[in-house]
Amino acid sequence: MGDKLVIRNIGMILSGKIEEPIFDGDCMIAEDGRISAWGRAADLDCDGADVSVDANGVTLAPGLIDSHVHPVVGDYTPRQQQLHWIDSTLHGGVTTLISAGEVHMPGRPNDPVGTKAMAIAAQRWYENLRPSGMKVHAGAPLLQKGLEEEDFKEMAEAGVRLIGEVGLGTVKDGKTANQMIGWARKYGMQSTIHTGGPSIPGSGLIDADMVLETGTDVVGHINGGHSALPDDQIICICENCKAALEIVHNGNERAALLTLNTARELDKLDQIILGTDGPAGSGVQPLGILRMVAMLSSLGDVAAELAFCFATGNTARRRKLDTGLIEAGKAADFVLMDQAQHAPGRNLLESVQLGNLPGVGMTVIDGKITSQRSRNTPPAQRLPELV
Ligand SMILES: [Zn+2]
């Protein structure tokens, strides 16, 4: 402890705050893993750094948050028999993953006691082991027939904070789901729902009526995972939900743009959050969140600095996380990135708004450097350096 990180020569600070997405300053200071100060280096106490970084003019943003992943154990997914997908995702600028259910566990239990046991175990094994430093919020049980209020209380007391996608368990009707989500909420657990057609054999359709009746905190993949609902149902959800409207990479891009445009008309851009839904049938998507930012910014005509808020501050606020925002006391989780080499545009924001990915140069989690030049993004024009 007592660790001090000083990052100088920052070209631009993205705040994660949709009401003020760009902060003035060229320097960021973190102490004991928390943001302590930022602004002009000349005005800050930069002495006594344990770790110094010369940002070399690149942009600093809060580490990206993936609101929708399906981890199973460690850095391995049985879904596509793939190792190190989480490390690859870190190289895509993501520093926090939120489980929407450990659904790909082979032989996953569907009875109440097995569901509880696995949720508690999954919460523990990702708390005890952060692959490559990644924060993984997991332990997201599915709603199963036979779960009682006492079971939610027991899981919450054991540290389970999430409910996985409603509809993927044995509870398929809105009335039962609504009752269980009420119990979960009573004990401080957050919930999400599978929206749209079935993802893979064994999952089912969740339409707008079921989404509205169930009343989860997040409308999981409102653009389908992969099959989207008809347009009128997506619009109906946008109009009637105060919940987070989650757009995912593993979904329908046209429905993603419909959601974005509808939310903008309704003045609800603060409800838009992003996920990948990976690992999924479509694979793992190490650059999925950056690709969503670039896609929504370019095709959805959203300023890039606002699109980055969908992947940072919006998600953090909706999910009640202590990351995703440049704010004193928040976790010092950052991504440093620059315009990709030979990407058109005068700067990083313009190149993203033209649909290009940025190049990631470094990630920081809890004030510690977790990766340097990304092996996955296009190479950045400039790179931050450890000094
Ligand atoms: Zn789903």
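## Strand pairing around β6

Two strands are taken to pair if DSSP finds at least two bridges between them. Helices (H or I, at least four residues) and strands (E, at least two) are DSSP runs, numbered from the N terminus. The structure described here is a predicted model, in which local features need pLDDT of at least 70 and side-chain atom pairs count only at pLDDT 80 or more, while totals for chains, interfaces and linings use all residues. Residues are numbered from 1 along each chain as its sequence is written.

Strand β6 (residues 51-54) is joined to strand β21 (residues 385-386) by two bridges, and these strands run antiparallel. Within that pairing, Asp-54 has Glu-385 of β21 as its bridge partner. Strand β1 (residues 4-8) also pairs with β6, here in the parallel sense and over four bridges. In general, strands of a sheet pair through backbone hydrogen bonds, either parallel or antiparallel.

Val-6 lies in strand β1. A residue is called buried if 20 or more other C-beta atoms lie within 10 Å of its own, exposed if 12 or fewer, and partly exposed in between, with C-beta atoms placed from the backbone. Val-6 is buried, because 23 other C-beta atoms lie within 10 Å. Residues are in contact if their C-beta atoms, placed from the backbone, lie within 7 Å. Neighbours within four places in sequence aside, Val-6 is in contact with Ile-29, Cys-46, Ala-49 and Ser-52. The C-alpha atoms of Val-6 and Asp-54 are separated by 8.6 Å, although the two residues are 48 residues apart along the chain.

Asn-9 belongs to the loop between β1 and β2 (12-14). Its phi is positive, about 55°, although Asn-9 is not a glycine. Asn-9 is partly exposed, with 17 other C-beta atoms within 10 Å.

## Two domains

The domain assignment divides the protein chain into domain 1 (4-62 + 325-386) and domain 2 (64-286); such bounds come from an automatic or database domain assignment. Taken over C-alpha atoms, the centres of domain 1 and domain 2 are 29 Å apart.

Contacts between the domains involve 14 residues of domain 1 and 14 residues of domain 2. On the side of domain 1 that touches domain 2, the elements giving two or more residues are β18 (334-338), β19 (359-365) and β20 (368-371). The residues of this side comprise five nonpolar, six polar and three charged. In this grouping, Ala, Val, Leu, Ile, Met, Phe, Trp, Tyr, Cys and Pro count as nonpolar, Asp, Glu, Lys and Arg as charged, and the others, Gly among them, as polar.

## An open sheet and an enclosed strand

Three strands form an open sheet in the order β8-β11-β12, with parallel pairing. β8 (64-69) and β12 (135-137) are at the edges with a single partner strand each, so one side of each is left without a neighbour in the sheet. Four bridges connect β8 with strand β11 (residues 94-99), and Val-69 has Ser-99 of β11 as its bridge partner.

Strand β14 (residues 190-194) is largely enclosed by the rest of the structure, because five of its five residues are buried. Gln-190, Thr-192 and His-194 point one way from β14, whereas Ser-191 and Ile-193 point the other way. Strand β13 (residues 162-166) runs parallel to β14 and is joined to β14 by three bridges; the bridge partner of Ile-163 is Ser-191.

## The two sides of α3

In helix α3 (residues 149-157), Asp-151, Phe-152 and Met-155 are buried. These residues lie on the same side of α3 because they cover an arc of only 100° around the axis, the arc being that of the directions from the helix axis to the C-beta atoms. On the other side of α3, Glu-150 and Glu-157 are exposed. The cover over the buried residues includes α2 (112-128) and α4 (174-186). Gly-159 follows α3 and has a positive phi, near 105°.

## Backbone features in loops

The peptide bond from Gly-225 to His-226 is cis, with omega near 20°. His-226 is in the loop between β15 (218-220) and α6 (231-240).

Another cis peptide bond joins Gly-278 and Pro-279, with omega about -15°. Pro-279 is located in the loop between β17 (272-275) and α8 (288-299). Asp-277 is likewise found in the loop between β17 and α8. Phi of Asp-277 is positive, near 70°, in a residue other than glycine. Asp-277 is buried, with 29 other C-beta atoms within 10 Å.

Methods
Two residues are in contact if their C-beta atoms, placed from the backbone, lie within 7 Å.
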